[in-house]
Amino acid sequence: MKIQGKMFMWLSVFVLAMAVVYGVWSKEPAGTTALFLAFGLCIMIGFYLGFTAKRVDVGAQDNKEADVADDAGEVGFFSPHSWQPLSLAIGGALAFLAIAIGWWLMYFSLPIILIGVWGWVFEYYRGENRTQ
């Protein structure tokens, strides 16, 4: 995390320099404000990462001799046989189609989306997958 904090701090210096140059050169307030806000965001993220790096154990990214496999771990659990994304995709496609064809189509897509979300959330609370 220490490396990422330093990277964001250096990025904030660059963004600040570009904001000043852009503001003086263009005299355009919207872009100048956006660049100064980007500078503020870079400072916040860099400070957070640097502050957190002092309080946690050294990660593999801070070790110059580390391999990629040293930082590997469990990514997460992914359902191998879920039909719920298909339901959500059909409902989402109908919802976007409702923008082009007519809003009445939203009445048909909303129940399909709700069924897909409900099934996805409670997929492992019932049936044969209950113990997973």
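Axes here are lines fitted to C-alpha atoms, for helices over the stretch in contact, with angles running from 0 to 180 degrees between N-to-C directions. Helices are DSSP runs (H or I, at least four residues) numbered from the N terminus. This is a predicted model, where local features need pLDDT of at least 70, side-chain atom pairs count only at pLDDT 80 or more, and totals for chains, interfaces and linings use all residues. Residues are numbered from 1 along each chain as its sequence is written, and side-chain values use heavy atoms, leaving out hydrogens and water.

**View A. Helices α1 and α2 pack against each other.** Helix α1 covers residues 2-26 and helix α2 residues 29-53; their axes sit 8 Å apart at an angle of about 165°. That makes the pair roughly antiparallel (angles over 145 degrees count as such). As for what lines the contact, its residues split into 19 nonpolar, nine polar and one charged.

**View B. Lys-27 sits in the loop between α1 and α2.** Its phi is near 55°, a positive value in a residue other than glycine. Lys-27 counts as exposed, with 66% relative accessibility (exposed means over 50% relative accessible area, buried under 20%, partly exposed in between; 1.4 Å probe, protein chains only).

**View C. Ser-109 lies in helix α4, residues 106-121.** At 0% relative accessibility, Ser-109 is buried. The Ser-109 side chain reaches the backbone oxygen of Met-106 at 3.2 Å. Leaving aside residues up to four places away in sequence, Ser-109 touches Gly-91, Leu-94 and Ala-95 (contact means heavy atoms within 4.5 Å).

Note on methods:
Helices (H or I, at least four residues) and strands (E, at least two) are DSSP runs, numbered from the N terminus. Angles under 35 degrees count as roughly parallel, over 145 as roughly antiparallel, 65 to 115 as roughly perpendicular and the rest as oblique. Ala, Val, Leu, Ile, Met, Phe, Trp, Tyr, Cys and Pro count as nonpolar, Asp, Glu, Lys and Arg as charged, and the others, Gly among them, as polar. A polar contact is a pair of N or O atoms within 3.5 Å; within protein, one must be able to donate a hydrogen and the other to accept it, and residues adjacent in sequence count only if both atoms are side-chain atoms.
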